Amino acid sequence: QVQLMESGGGLVQPGGSLRLSCAASGTIFRIYAMGWYRQAPGKSREMVAAITPGFNTNYLASVKGRFTVSRDNARNTTALQMNNLKPEDSGVYYCNFHIGGARVEEVWGQGTLVTVSE
């Protein structure tokens with residue numbers, strides 16, 4: 001019954017920046033990994049960044065040095081700071097949480113559209 005909501009997408013010029021946020025609501029016991037995925041039209045969904053409860057991070061190679069993922073365990077949120085954006089970064093971005101309780105499940109947000117274009 002946990003739901004995720006992304007925000008912060010929009011239209012930005014190449015070289016610009018956006019900050020995406022994702023907040024969880026509902027009955028939450030524990031949140032393990034938090035991740036960000038993206039999907040461009042006609043392409044498969046790919047993992048962009050992930051962060052563990054201990055703040056270890058993992059990034060898609062093409063975004064290293066440009067994107068930074070963070071989390072706030074007290075607020076049950078994650079953020080993806082995206083700098084020096086490129087047209088190939090365009091797509092729908094989704095957050096994903098691994099949530100543990102009576103059962104462990106993956107929960108996805110609805111997605112937020114990022115368009116990098118002149």
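Mentor: Let us begin with a term: a residue is buried when its relative accessible area is under 20%, exposed when that area is over 50%, and partly exposed in between. The model above is predicted.

Trainee: What makes the approach of the Asp89 and Arg38 side chains a polar contact?

Mentor: The two side chains are 2.9 Å apart. A polar contact requires N or O atoms within 3.5 Å, one able to donate a hydrogen and the other to accept it. The pair is therefore listed as a polar contact. The side chains of Asp89 and Arg66 are likewise joined by a polar contact, of 2.8 Å.

Trainee: What makes Arg66 and Asp89 a salt bridge as well?

Mentor: The closest N and O atoms of Arg66 and Asp89 are 2.8 Å apart. A salt bridge needs a side-chain nitrogen of Lys or Arg within 4 Å of a carboxyl oxygen of Asp or Glu, so the pair qualifies. Distant parts of the chain are linked by it: Arg66 belongs to the loop between strand E6 (57–59) and strand E7 (67–72), Asp89 to the loop between strand E8 (77–82) and E9, and 23 residues separate them. Arg66 has 9% relative accessibility and is therefore buried, and Asp89, at 1%, counts as buried too.

Trainee: How many salt bridges does the rule give?

Mentor: The count comes to four. One of them joins Arg38 to Glu46, with closest N and O atoms 2.9 Å apart.

Trainee: Why are Arg38 and Glu46 assigned to their accessibility classes?

Mentor: Arg38 has a relative accessible area of 5%, so it is buried. Glu46 has 32%, a value between the limits of 20% and 50%, so Glu46 is partly exposed.

Trainee: How do you know that Asp72 and Arg75 form a salt bridge?

Mentor: Their N to O distance is 3.6 Å, and the limit is 4 Å. Asp72 has 29% relative accessibility and counts as partly exposed. Arg75 has 64%, over the 50% limit, and is therefore exposed. As for a network, salt bridges that share partners join Arg38, Glu46, Arg66 and Asp89 into one.

Trainee: Which backbone atoms does the side chain of Ser90 reach?

Mentor: It reaches the backbone oxygen of Pro87 at 2.9 Å and the backbone nitrogen of Val116 at 2.8 Å. Not counting residues up to four places away in sequence, Ser90 touches Ala40, Val114, Thr115 and Val116.

Trainee: What makes the link between Cys22 and Cys95 a disulfide?

Mentor: The S to S distance of Cys22 and Cys95 is 1.9 Å. The rule asks for sulfur atoms within 2.5 Å, so the pair is a disulfide. The link is right-handed, with 50 degrees about the S-S bond. It connects distant parts of the chain, Cys22 in strand E3 (residues 18–25) and Cys95 in strand E9 (residues 91–100), 73 residues apart. Both Cys22 and Cys95 are buried. The count for the model is one disulfide.

Trainee: How do you know whether the chain agrees with a compact globule?

Mentor: For 118 residues, a compact globule would have a radius of gyration near 13 Å; the chain has 14 Å, and the two therefore agree. The C-alpha atoms fill a box of roughly 45 × 25 × 25 Å along the principal axes. Of the 118 residues, 38% count as buried.

Trainee: How many helices and strands does the chain have?

Mentor: The chain has zero helices and 11 strands. Of its contacts with a separation of 6 or more, 54% come from residues 24 or more positions apart.

Terms used. Residues are numbered from 1 along each chain as its sequence is written. This is a predicted model: local features need pLDDT of at least 70, side-chain atom pairs count only at pLDDT 80 or more; totals for chains, interfaces and linings use all residues. Side-chain values use heavy atoms; hydrogens and water are left out. Helices (H or I, at least four residues) and strands (E, at least two) are DSSP runs, numbered from the N terminus. Buried means under 20% relative accessible area, exposed over 50%, partly exposed in between (1.4 Å probe, protein chains only). The radius of gyration is taken over C-alpha atoms; the globule rule is 2.2 Å times the number of residues to the power 0.38. Contact means heavy atoms within 4.5 Å.
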